[in-house]
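Here are my notes on this one, as numbered points. Have the coordinates open while you read.

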Amino acid sequence: MQLYRSHVLVCGGTGCTSSNSEKIIAEFDVQLARNNLQNEVKIVKTGCFGLCAEGPIIVVYPEGAMYTMVKVEDVKEITEEHLLKGRIVKRLLLSSGHDAKDADEASSSLENSEFFKRQMRVALRNCGIINPEQIDEYIAYDGYKALGKALTELKPADVIEILKKSGLRGRGGGGFPTGLKWDFAAKQPEGKKYVCCNADEGDPGAFMDRSVLEGDPHSLIEAMAIAAYAIGSDQGYVYVRAEYPIAVKRLQIAIEQAKEYGLLGKNIFGTDFNFDLEIRLGAGAFVCGEETALMTSVEGHRGEPRPRPPFPAVKGLWDKPTILNNVETYANVPVIILKGAEWFTSIGTEKSKGTKVFAVGGNINNTGLVEVPMGTTLREVVYDIGGGIPKGKKFKAAQTGGPSGGCIPASHLDTPIDYDSLIQLGSMMGSGGLIVMDEDSCMVDIAKFFLEFTVEESCGKCPPCRIGTKRMLEVLERITEGKGEEGDIEKLEILAKNIKASALCGLGQTAPNPVLSTLRYFKDEYMAHVVDKKCPAGVCKSMMKYVIDADACKSCGICAKQCPVSAISGEKKVPYVIDQDKCIKCGVCMEKCPFKAIFKNV
Amino acid sequence: MKSLAELEEIRKKTLEQISLRKSNDGMRVIVGMATCGIAAGARPVMTAFVEELNKRNMTDVTVTMTGCIGVCRLEPIVEVIDKDGNKTTYVKMTPEKAVRIVAEHIVNGRVCADYTIGEADK
């Protein structure tokens, strides 16, 4: 066994991989060999640390020093200064939070930064800590212990009882109690049953499931085996997005390692429990994340939803009882089995227990992945952990729940976030995407964006979704082009109500939510578009124009030279003018004017 | 995987290898690795510490480095900090001295007084 005096953890998540972490690892190998350190220092590729905005991220132990935005060229300095001479490279340390003045302070910079200090990591417990391609490291952090405990000490009914008591609710959307779901399936007559995992994460901006798959794939395998034991199944399927190549690869490696160790297969832990797991690649459609469509797709058909009931727990995959949970839900299960239901219920709010992972994006400083106890306020997530809005701009709204959710305005910043409070606000938890918008965002435009997504992704099986959302989008397009008519807002409301009431699956039923919630909190903005033909945020192009201030204009002619469509004309000593018919509103003239004489007129 | 004991064995074994990444309350060996230390031969000293601790499977001891302490004439300098925070400073270290410090000080808790900075200046 080889012991190392230092471990260098390099993030291998999708975010950091796309900013060259693979090359950084290769460079470390070269530099370590050059300095003859390869037997003292170990390079470990881990999953996502969560602070994707600052990537690529490297953490050096035993000091725990966290380096951010590391470039390949920096590797030489880290090796020669930190690894060889023990001097922490301060200029690369995590800058947000606090300035580490000396090595002692820096040594705890990872745990001490505001970003990590306020988080509580349950589902992401191993992400960024273990090497996801080494089953031994997962086992070292109590991996597969919960499965062992379940198989050798607990009856299937006990497992379900613990889950029920824990109050764990589905992390993928609706928030249905997981224990209850398992109970339904367990109570079906014995015979072939299936355990499925929904890893078809399709909401724009959401990537928590990807991070678990990439950073801790064994926790999913373990949880699915526990689920199979609880309901009496021996076969599982993970339906994972084909657009997540790293996640698919690591999950594949993890499944193979688990099979090698006999943690998947026959007679697991010497009992008569058998379980096998297979990966199914997603078909690339958003609707395949809907549970009935997902199962249809696993069966090899075109992914379209079907009416419920019968619910999957009764008639699911190949008409057999099936449970389907999302990745984050499963990631919580082993910890609950090990630490007990009471521990889990001690976290969170009355009806929402545990923690929730949010993928925070949009107009925010610390873009990335955060896990906080349920009941944390939006303000804490946005300002304390997220580091606030760039350029000191004002918070306008946060969008949660993706295309099925809605917007939360600034007046509700202090609402504790849980399943029920979000529903009350007209949004929903969804899978946990959280998009922050600043004062320059147009809420009508945001609603249009999400509706465009739904129209594009509607499978077309039921008319309310296929035709209804299209009609809503047409009205919204009209409004944003300054051609809104009186009665348009009412039309949107009626359409929304009808689609909600009559669409076949959850996606259609929730598709009008982005429009409804923006109408609820930002009706004045809609009115400004429809009645005054103005976009207060200056986003909707057809409603704003660039104007030259005749007094400030020095007739230098720079704007006319820069204009790509030659819409600006003028001559010496006479202020220049923009021909509004020709102007394409690109904004170049405003950017280039040396006298700040051009401005947006909204 | 046939039993929980088998799982526990893998857990323990791997945990030893990665214990470095958990917060550690054990003893710390700090080797001065500035230019003066390296020139005086700090690297073989540190390697000797790592190898000796490895041999004895002492995973709760961390070996780290530090910069110049300021008494360059006494390099290589090594500080050993025990669980209660007591610091012992060893000077003019060699790999052979390192082996003895592991055996006497780190394992048995007896400070090797003749190698300490107090002795050197007498």
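**Notes on the interfaces**

1. Starting with the two chains: chain A and chain B bury about 3,200 Å² between them, and carbon and sulfur atoms give 62% of that. Buried area here is the accessible area (1.4 Å probe) that two parts lose on being put together, summed over both. Bear in mind that this is a predicted model, where local features need pLDDT of at least 70 and side-chain atom pairs count only at pLDDT 80 or more, while totals for chains, interfaces and linings use all residues. As for bookkeeping, residues are numbered from 1 along each chain as its sequence is written, chains are lettered from A and ligands numbered from 1 in the order in which they are written, and side-chain values use heavy atoms, with hydrogens and water left out.

2. In residues, 45 from chain A are in contact with 32 from chain B (contact means heavy atoms within 4.5 Å). There are 2 salt bridges between the chains, counted when a side-chain nitrogen of Lys or Arg lies within 4 Å of a carboxyl oxygen of Asp or Glu. One to look at is D142(A) with R11(B), whose closest N and O atoms are 3.3 Å apart.

3. Which elements of chain A give two or more residues to the side that touches chain B? They are β1 (6–11), α3 (74–85), α7 (135–140) and α8 (145–153), and α8(A) gives the most, with 5 residues. Helices (H or I, at least four residues) and strands (E, at least two) are DSSP runs, numbered from the N terminus. By class, that side of chain A has 20 nonpolar, 13 polar and 12 charged residues; Ala, Val, Leu, Ile, Met, Phe, Trp, Tyr, Cys and Pro count as nonpolar, Asp, Glu, Lys and Arg as charged, and the others, Gly among them, as polar.

4. Within chain A, the centres of domain 1 and domain 3 are 29 Å apart, taken over C-alpha atoms; the bounds come from an automatic or database domain assignment. Their contact takes 7 residues from domain 1 and 8 residues from domain 3.

5. On confidence, the predictor gives the complex an ipTM of 0.77 and a pTM of 0.86. Chain B averages a pLDDT (the predictor's confidence in each residue, from 0 to 100) of 86, and 96% of the residues score at least 70.
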